[in-house]
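This briefing is for a reader who is meeting the structure for the first time. Please look over the sequence and the model, then read the points below.

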Amino acid sequence: MENDNLDKLWGSQRNDISNFNAKDIITKAKKQRNSQYISITVMSVTVVVLMVYAFYFAFSEWNTFNLGLLLMISSLTFRIVLEFYTVYRKEKQLISMAQKPYYAYLKRYYKIRLLINYVITPVCIAVYIIGFYLLLPYFKEYFSKGFYTYIIISGVISLLGVIAIIIYGTIKEQRFLKQLNKG
């Protein structure tokens with residue numbers, strides 16, 4: 001459905017529930033959807049790299065290294081599926097609802113996103129960290145001390161970068177929810 005059709009549908013209603021117009025909500029929804037796609041892409045690339053490594057080198061015998069890889073892959077895969085689900089559900093609702101019900105849906109949606117960001121995401125990050133931790137003894141044994149140090153430093157920096165991106169996205173979603181609640 002084109003933006004023009006949505007604008008006509010939403011414009012035909014009284015807009016006394018908020019100071020947002022249809023274009024504002026559509027623009028914010030697109031911006032948030034694009035950031036979700038970026039997150040999905042980054043997590044997907046990481047999963048692919050981990051899976052390629054796992055199938056080439058790791059799964060010859062079961063050990064804590066394999067468990068660590070499995071934890072890392074499964075936590076990221078779960079998060080990817082969750083992101084796809086929320087993107088799909090939000091777009092489906094956007095197309096099928098008029099402005100007032102969609103506005104109410106957005107409030108519920110962002111409250112659910114807060115639950116995802118404050119409960120599910122930290123659990124996924126913790127599982128990922130546990131998986132990474134389980135890999136470290138094997139890295140220490142098989143790699144040089146310098147490369148092992150590089151793995152630890154780059155792993156921590158990468159994780160902190162991902163956490164910073166998640167925090168930034170969460171703050172943006174909280175601001176948008178506050179704006180919706182004011183309206």
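Two residues are in contact here when heavy atoms of theirs lie within 4.5 Å. By that rule, and leaving aside neighbours within four places in sequence, tyrosine 53 is in contact with Ala58, Phe65 and Leu69. The model is predicted, and its secondary structure comes to five helices and zero strands.

**Overall make-up**

- From the N terminus on, the elements of the chain run α-α-α-α-α.
- The chain has 183 residues, of which 36% count as buried.
- Among contacts between residues at least 6 apart in sequence, 75% join residues at least 24 apart.

**Confidence**

- The average pLDDT of the chain is 81, and 83% of the residues score at least 70.
- Over residues 13-17 the pLDDT is below 50. Beyond near neighbours in sequence, this stretch has eleven contacts in the model.
- Confidence is lowest in helix H1 (residues 3-11), where the mean is 54. It is highest in helix H4 (residues 99-142), at 88.

**Helix H5**

- Helix H5 covers residues 145-182, which makes 38 residues.
- From its first C-alpha to its last, H5 reaches 55 Å, close to the 56 Å expected at 1.5 Å a residue.
- The buried residues of H5 are Tyr148, Ile151, Gly155, Leu159, Thr170, Glu173, Phe176, Leu177 and Leu180.
- An α-helix has 3.6 residues a turn, so residues three or four places apart point the same way.

**Salt bridges**

- How many salt bridges does the structure hold? There are three salt bridges in the structure.
- Side chains of opposite charge can pair when their charged atoms come close.
- Arginine 79 and glutamate 83 meet through their side chains in a salt bridge, at 2.4 Å from N to O. The two residues are separated by about one helical turn because they are four residues apart in helix H3 (residues 64-96).
- Glutamate 83 also forms a salt bridge with arginine 113, with 3.0 Å between the closest N and O atoms. Glutamate 83 lies in helix H3 and arginine 113 in helix H4, so this pair ties together parts that are 30 residues apart in sequence.
- Arginine 113 meets glutamate 173 in a salt bridge between their side chains, at 3.2 Å from N to O. Here arginine 113 is in helix H4 and glutamate 173 in helix H5, so the pair ties together parts that are 60 residues apart in sequence.
- Arginine 113 is buried with a relative accessible area of 3%, and glutamate 173 counts as buried at 7%.

**Aromatic pairs**

- The structure holds nine aromatic pairs.
- One of these is formed by phenylalanine 143 and phenylalanine 147. The pair is edge-to-face, with 5.0 Å from centre to centre and 75 degrees between the planes.
- Phenylalanine 143 counts as partly exposed at 31% relative accessibility, and phenylalanine 147 is partly exposed with a relative accessible area of 38%.
- Ring pairs link Tyr53, Phe65, Tyr138, Phe139, Phe143, Phe147 and Tyr150 into a cluster.

**Two residues and their surroundings**

- Where is tyrosine 53 found? Tyrosine 53 is in helix H2 (residues 22-58), and its relative accessible area of 30% makes it partly exposed.
- Tyrosine 53 and leucine 69 are 16 residues apart in sequence, while their C-alpha atoms are 9.1 Å apart in space.
- Serine 75 is found in helix H3. It is buried, with a relative accessible area of 6%.
- Which residues is serine 75 in contact with, leaving aside its neighbours within four places in sequence? They are Cys124, Val127 and Tyr128.

How values were computed:
Residues are numbered from 1 along each chain as its sequence is written. This is a predicted model: local features need pLDDT of at least 70, side-chain atom pairs count only at pLDDT 80 or more; totals for chains, interfaces and linings use all residues. Side-chain values use heavy atoms; hydrogens and water are left out. The expected span of a helix is 1.5 Å times one less than its number of residues. Buried means under 20% relative accessible area, exposed over 50%, partly exposed in between (1.4 Å probe, protein chains only). pLDDT is the predictor's confidence in each residue, from 0 to 100. A salt bridge is a side-chain nitrogen of Lys or Arg within 4 Å of a carboxyl oxygen of Asp or Glu. Rings of Phe, Tyr and Trp (its six-membered ring) pair if their centres lie within 6.5 Å; planes under 30 degrees apart count as stacked, over 60 as edge-to-face and the rest as tilted.
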